[in-house]
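Dear colleague,

Please find below the structure that I am handing over to you, followed by an account of what was found in it.

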Amino acid sequence: MVGVSEGQPSRQAPAADRTPVGLPLLSLTLTTMMDAVHAHSGAVYLSAADEPVLEMAVMAGLPRAFAAPWERVGLSAPIPVAEAARERRLVWVGGEEDMARRYPRIAVVLPYPFALAAVPVATATTVYGAVFVTWPGSHPPDLSDQEREQLTTACDRLALRLERATAEDRPLRPEPDLLGAPAAGGVAGTLGSVEAARMVARLPYGLCSLDLNGRVAFANAAAAELLGAPAGQLLGTQLWASVPWLNDPMYEDRYRAALISQHVTSFVALRPPGEWLSFRLYPSTTGLSVRISRARAVAEMSRAAPQSGDTPSRLVTISQVLSLAGALTEAVGVQDVVQLVAEELAPALGSQALVLLGSRAGRLHVLGQRGYPDPHFVERFDGMPLSEPTPGAHVLSSGVPAFFESRHQLERLYPTARVTPDGFAAWAYLPLIASGRPVGTCVLAYAEPHSFPADERAVLTSLGGLIAQALDRALLYDAKHQLAHGLQEALLPHSLPVLPGIEAAARYLPATRGMEIGGDFYDLVPTRPWAAAVIGDVQGHNVTAAGLMGQIRTAVRAYTTVGQEPWEVMRSTNRLLIDLGADLFASCLYLRLDPSWGRAVMARAGHPPPLLRRPDGQVRVLDRAGGPLLGIDGSARYPTTEVEFTPGCVLALYTDGLIEAPGVDIEDAVADLGLRLAEAGDQPLDQLADGLVRHYAAAEERIDDVALLLLRARADR
């Protein structure tokens, strides 16, 4: 047990030198908490040593297999228990719809009606872990004040006890999970009184009692007859494991649904060769009662039976595959895939490090890594020929997975590994194959020797297929993203010219939707005896908009160079846009600058008005007359206006992305921009530009691209 203080885990002393905590602290706290709020399951997580990970220490009320994908979770994972520890607050999920909306990865694996509360276990300085408890779907949609108080008080009390145990160097003993008391086992004659056993034996339908793990604790004679197996053979086994024709994940899912939701569930199954049976599951906090009868109505229907697999389906396999599949649908770029695999897959499998490898021009390419103390060890594989005798290259080329349970196994097949040990003791090399072609290799590394039984290898190989699909999409996205940004950079000025009497600074931020490329542009054109500044916005956020933007910018520069007046530049550009037939519109603001006379001539085509900051700090919105958007009316006129541009004045030209936001009035946004310009206008121009776009640069999502051009008149000596 460790605590996380100020972002760093605190190490514990060797267990042999300390006296363990006597009572089962975690189990007692959890069961007391569940009883107080009438929850039917819960778990305690503790912070792991040396990793930003929460590890499940004890679970109660349901089998641990139900939470298998989340036995080890990264602190940054988007799940309630990690969020509670990360943000030091109670997280409440009121039901199935709430879970699907806020935590879709969990809803994919557990699509059942239940409510959940996650609470941090933390003192003022240290986070020791977190607790979650769950209720059936019948719980009210809101957590009561009394329940909230009982949960937070219990977790605060647990945190103090963990703090005391840490201070006294007393480790926690391993504690077993807590399930309900097992039902009495045996055949009919051992169930309660003799008369009760006779009554059950006389019933014409089958009755089974299952414990929380799904194991048969009792089966009457009718159940044994309907299932086609002796009662003694059924006892202590799971129905879907001991009855071959029940070996279908759908039936196991009904058992999960009943226990988690505490609602009655049912299903029908075909007993070969042609008899349909009905199963009805009645749950409680101690297990399930199952009623089995002949489903005569279904038996008359001529539909195919569900096919059973050759090997038992494991709940953990289904859960982990579904959890990672849900997570990978959110991945956009390659680094997103690396991060998700590190946060979702590696902790669940006990892996301490991972590498994603790709190939380029016959050579290995390191796409990303997590967990390696020395990143240079991984980087040395970048650019290595695929013909090199390394497991990563071999798996990528052959498409066959490789598992090494110890360093000895690895070095026996790849002797060169002795030269550069990576500090780990076991490895899984998974081929990432999408649409029949290899796209990379996922390497999972383990700190201790690790055995890979057949079922785990099957799970890892299946997960490799999911990772491959996500990686293939991410590689394509990154390539398009790089192409789009290259095009955008080519169409915008690489730098602004140095002009006499004028200081200039510009910023451009792409939208975060679509291809992150848009039609915003700016330019500063040196001419004699004046200079010209232009800013504009072509409709759209795609390659077409960017291409048209480049044409407009080139046209404005050409018309300026040949000496056209501002109104002529706008008129000529408008006619060009119509002649191109692009069916796109553009706004534009054009300024002819004459700092020697302290004036500028402005022409505007549907563009937001510029801001003028005078040397005394006052800011004016230059909302002067202008013409319509470019590309609408070939006969449109664009009147011009003279504006002040004396030494010390700052002109702020911007596109609508800087002032438009959902729910914000445009005039209020312009006023706010003017206020910030007034307050910071004396700063160096680059610093001022950074300050004006800082909020937008930090935003995770920008619905529009942003362009800003600042001009300050100065008196050259």
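The charged end of R380 lies over the ring of F381, 4.3 Å from the ring centre; a charge is taken to sit over a ring if NZ of Lys or CZ of Arg is within 6 Å of the ring centre and within 35 degrees of the ring normal. R592 likewise places its charged end over a ring, that of W530, at 4.1 Å from the centre.

This is a predicted model, in which local features need pLDDT of at least 70 and side-chain atom pairs count only at pLDDT 80 or more, while totals for chains, interfaces and linings use all residues. Residues are numbered from 1 along each chain as its sequence is written, and side-chain values use heavy atoms, with hydrogens and water left out.

F381 also takes part in ring pairing. Rings of Phe, Tyr and Trp (its six-membered ring) pair if their centres lie within 6.5 Å; planes under 30 degrees apart count as stacked, over 60 as edge-to-face and the rest as tilted. The pair of F377 and F381 is edge-to-face because the planes stand at 80 degrees, with the centres 5.8 Å apart. Both F377 and F381 are buried (under 20% relative accessible area; exposed is over 50%, and partly exposed lies in between, with a 1.4 Å probe and protein chains only). Y372, F377, F381 and F424 make up one aromatic cluster.

By this rule there are 13 aromatic pairs. One of these pairs is formed by F66 and Y255, edge-to-face at 5.6 Å centre to centre with 90 degrees between the planes. F66 belongs to the loop between β4 (53-60) and β5 (72-74) and Y255 to helix α10 (residues 249-261), so the pair ties together parts 189 residues apart in sequence. Helices (H or I, at least four residues) and strands (E, at least two) are DSSP runs, numbered from the N terminus. F66 is buried, with a relative accessible area of 3%, and Y255 is buried with a value of 3%.

Turning to the strands, an open sheet is built from five of them in the order β19-β28-β27-β24-β25, with antiparallel pairing; two strands pair if DSSP finds at least two bridges between them. β19 (502-509) and β25 (619-621) are the edge strands, each pairing on one side only. Within the sheet, β27 (residues 650-654) and β28 (residues 706-713) run antiparallel and are joined by five bridges. L653 stands opposite L709 in β28.

Yours sincerely
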